[in-house]
Amino acid sequence: MNPYILSALLMTLGLGTTLTFASSHWMLAWMGLEINTLAILPLMAQHHHPRAVEAATKYFLTQATAAAALLFASTTNAWMTGQWGISELSHPAALVIAVMALALKIGLAPVHSWLPEVLQGLDLNTGLILSTWQKLAPFALLTQLQSPVTSTPLLVMGILSTLIGGWGGLNQTQLRKVLAYSSIAHLGWMALVLQFMPSLTILTLFTYFAMTSSVFLLFKTSYSTTVNQLSLSWTKAPVLAAITPLMLLSLGGLPPLTGFMPKWLIMFEMTKNNLIMITTIAALTALLSLYFYLRLSYAMTLTMPPNNLVTTSSWRFSSCQLAFPLALFSGATLGLLPIMPGVTALLTP
């Protein structure tokens, strides 16, 4: 893609998210979400591959449906109460419809089925944008919809997402689908605690961004999109192959790595709110996610490909393109846990 066109599309993505962040009116927020959707579609279909075109089409239809539902919810609230402000969305039906529309935008269960299929048809760069940046604007709106009416739908969607995100990734051999189900599971943890402590949801979101970015960049560096290709990555980048299992286990929430911090804090907060059963189910579903991360780690470090052909070892390319961002996000993924007491002090009111 032409660098000028790419720069224009990336700036438009930033504009859409910033517009949603800065708006207090539903129409402006809806416009920001639409700008985001229209800006990422050319990035999705830039390779002119049938899978990429299919992914872009599915994404457009899904986001258009969610945007229409969101506009319907805000219009219904304005009709019933006369208010267009985001924080003034008070009609129960409008609240539930708006929460479901935003859940469809980010890929929460049970409206999650588009996310693995869309992510599978994209390259890793666009998949990284879809898994991180595109979730900022909907979450900015979700954190402003604080109401007892939305508590039950968010808890149900949260526990369903952790269960489906863990279960769906078990038999996957495509790394992009594994990361899609990982995204669904992490979004479930965020939805569980959203009504009780929004600041903890934001912390979990940015921790997830750091961990997912490091894994996407690592797969991009090692040219891996399947489990079989991942098992050959030691021939391309031996040092990265050594720390990849740590990144994957951090994404799974295994102590003493960074991914353990948000899960620990979320379980502590939900226990304080007497949600013992939901907390227990969420902790058990985290074991499902941890299993397929362990499976990837096993395939990468403890299996050796057959060496009876000369061409089994991939050529090692030396590229410094992704060195700095990969080092930054890898350090965050592996080493943020020691600052958890300071983070806890900041989150405590």
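Figure 1. Met 1 sits in the segment that comes before helix 1 (3-22); helices here are DSSP runs of H or I with at least four residues, strands are runs of E with at least two, and both are numbered from the N terminus. This is a predicted model, in which local features need pLDDT of at least 70 and side-chain atom pairs count only at pLDDT 80 or more, while totals for chains, interfaces and linings use all residues. Residues are numbered from 1 along each chain as its sequence is written, and side-chain values use heavy atoms, with hydrogens and water left out. Met 1 counts as partly exposed because its relative accessibility is 45% (buried means under 20% relative accessible area, exposed over 50%, partly exposed in between, with a 1.4 Å probe and protein chains only). Together with Ile 5, Leu 6 and Leu 10, Met 1 makes a nonpolar surface patch of about 340 Å². Patches are made of residues with over 30% relative accessible area and no salt bridge, joining like charges within 9 Å and nonpolar side chains (Val, Leu, Ile, Met, Phe, Trp, Tyr) within 5 Å.

Figure 2. Side chains of opposite charge can pair when their charged atoms come close. A salt bridge is a side-chain nitrogen of Lys or Arg within 4 Å of a carboxyl oxygen of Asp or Glu, and the whole structure has 4 of them. Glu 54 pairs with Arg 51, with 3.8 Å between the closest N and O atoms. Both residues belong to helix 3 (residues 50-81), where they are 3 residues apart, about one turn of the helix. Glu 54 also pairs with Lys 58, and here the closest N and O atoms are 2.9 Å apart. Lys 58 and Glu 54 are separated by about one helical turn because they are 4 residues apart in helix 3. Glu 54 is partly exposed at 35%, Arg 51 is partly exposed at 35%, and Lys 58 is partly exposed at 28%.

**Figure 3. Lys 272 and Glu 269 in helix 13.** Here the two side chains meet in a salt bridge, 3.6 Å from N to O. Lys 272 and Glu 269 lie 3 residues apart in helix 13 (residues 260-272), so about one helical turn separates them. Lys 272 is exposed, with a relative accessible area of 53%, whereas Glu 269 counts as buried at 10%.

**Figure 4. Two annotated spans of the chain.** The unreviewed UniProt entry gives the annotation "transmembrane region" to several spans, including residues 60-80 and 92-115; UniProt positions follow the numbering used here, feature names are shortened, and annotations may be inferred rather than shown by experiment. Residues 60-80 are 100% helix and 0% strand, with end C-alpha atoms 30 Å apart. For residues 92-115 the end C-alpha atoms are 28 Å apart, and the span is 71% helix and 0% strand. The chain as a whole has 16 helices and 0 strands, and buried residues make up 53% of its 349 residues.

**Figure 5. Residues 307-311 and the confidence of the model.** The chain has a mean pLDDT of 86, and 89% of its residues reach 70 or more; pLDDT is the predictor's confidence in each residue, from 0 to 100. Over residues 307-311 the pLDDT is below 50, and this stretch has 1 contact in the model beyond near neighbours in sequence (contact means heavy atoms within 4.5 Å).

Methods. Areas by Shrake-Rupley, 256 points an atom, 1.4 Å probe, with all protein chains shown as cover.
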